[in-house]
Structure formats: C-alpha cells, structure tokens
Amino acid sequence: MPIRCEIVSQDRVVFAEDVDMVILPGGGGQMGVLPNHSPVLTTLQYGIIHVKKQGEEYYFTVAGGFAEVQPDQVTVLADAAENVEEINLQRAEEARRRAENLLKQGIPEDTDEYLNIQAALRRSNLRIEAVKRYRRHH
C-alpha cells in the first residue's frame with residue numbers, strides 16, 4: 001500500500017505521486033514516513049526530502065515550511081522546493097557568488113537586507129550541495 005506524497009512550493013506543485021516512503025528534514029531531525037504513519041504536523045529545516053517509489057529514489061531541496069503527515073498522505077508546504085534534477089547549477093553558483101560579494105560589503109547584521117542575503121546564500125549552498133550529492137548526471 002503506497003502513501004500519497006505532495007510537495008508544494010509557494011508557486012507550484014513540485015511533486016504529487018503515490019510513493020513507498022518519504023524522508024523529511026523535520027524540525028527535530030530526519031523523519032521517515034511510511035504508509036499508516038501516525039498523524040504528525042512538523043516544521044521543516046533547510047534540507048533534502050528523499051522519496052522512494054518502486055525502487056526509484058527522488059530528491060528535492062526544501063527551504064523551510066511545514067509537513068502534515070496522515071496515515072495515507074504526506075503534504076509538504078514549502079517556502080521553496082525544487083527537484084534536484086531541475087536545479088540549474090550555474091545559476092546557483094552565480095547566486096552564491098552574488099550573495100557572498102554583497103555580504104563582503106559590510107551590510108549591518110541587524111537589517112532585513114542582511115538576513116535576506118544570508119537566506120539567499122543558504123539556499124544557493126543547499127542547491128549546489130544537493131546537485132553534487134544527489135543528481136544522477138551533473
């Protein structure tokens with residue numbers, strides 16, 4: 001018996017299929033979800049969602065959000081999510097360089113601009129690491 005997995009970002013449905021297992025980067029650590037799991041609501045850390053389906057494995061980056069687990073469904077509402085196979089490595093590396101250069105300009109640490117740049121740097125580092133570690137073909 002499979003479990004339905006839906007990963008939704010702010011602008012689109014990233015993944016929606018019946019799967020065998022989902023591993024989430026939960027607020028309290030990695031969390032494996034199989035069919036008939038007890039209901040849980042959890043926050044998500046920056047990290048990788050790992051989905052197993054009939055011997056295939058799929059990886060998605062997630063930059064925060066929430067996951068609701070029901071016995072027959074996992075719903076991820078992510079601030080940002082992306083299939084690792086779809087990540088543009090060149091764009092991610094450019095975003096990281098841009099963020100690093102902006103941080104070197106000495107922007108005060110208690111400003112929204114500084115926090116936004118740090119979040120951009122964290123997202124680009126996650127995307128780059130995910131491609132290097134999980135993408136089937138670089």
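Mentor: A residue is called buried under 20% relative accessible area, exposed over 50%, and partly exposed in between, using a 1.4 Å probe and protein chains only. This is a predicted model, in which local features need pLDDT of at least 70 and side-chain atom pairs count only at pLDDT 80 or more, while totals for chains, interfaces and linings use all residues. Residues are numbered from 1 along each chain as its sequence is written, and side-chain values use heavy atoms, with hydrogens and water left out.

Trainee: Is glutamate 86 buried, exposed or partly exposed?

Mentor: Glutamate 86 has 44% relative accessibility and therefore counts as partly exposed.

Trainee: With which residue does glutamate 86 form a salt bridge?

Mentor: A salt bridge is a side-chain nitrogen of Lys or Arg within 4 Å of a carboxyl oxygen of Asp or Glu. Glutamate 86 pairs with arginine 12, their closest N and O atoms being 3.1 Å apart. Glutamate 86 lies in the loop between β8 and α1, and arginine 12 in the loop between β1 and β2, so the pair ties together parts 74 residues apart in sequence. Helices (H or I, at least four residues) and strands (E, at least two) are DSSP runs, numbered from the N terminus.

Trainee: Which residue meets arginine 127 in a salt bridge?

Mentor: The partner of arginine 127 is glutamate 82, at 2.9 Å from N to O. This pair links distant parts of the chain, helix α2 and strand β8. Arginine 127 is buried, because its relative accessible area is 16%; glutamate 82, at 18%, also counts as buried.
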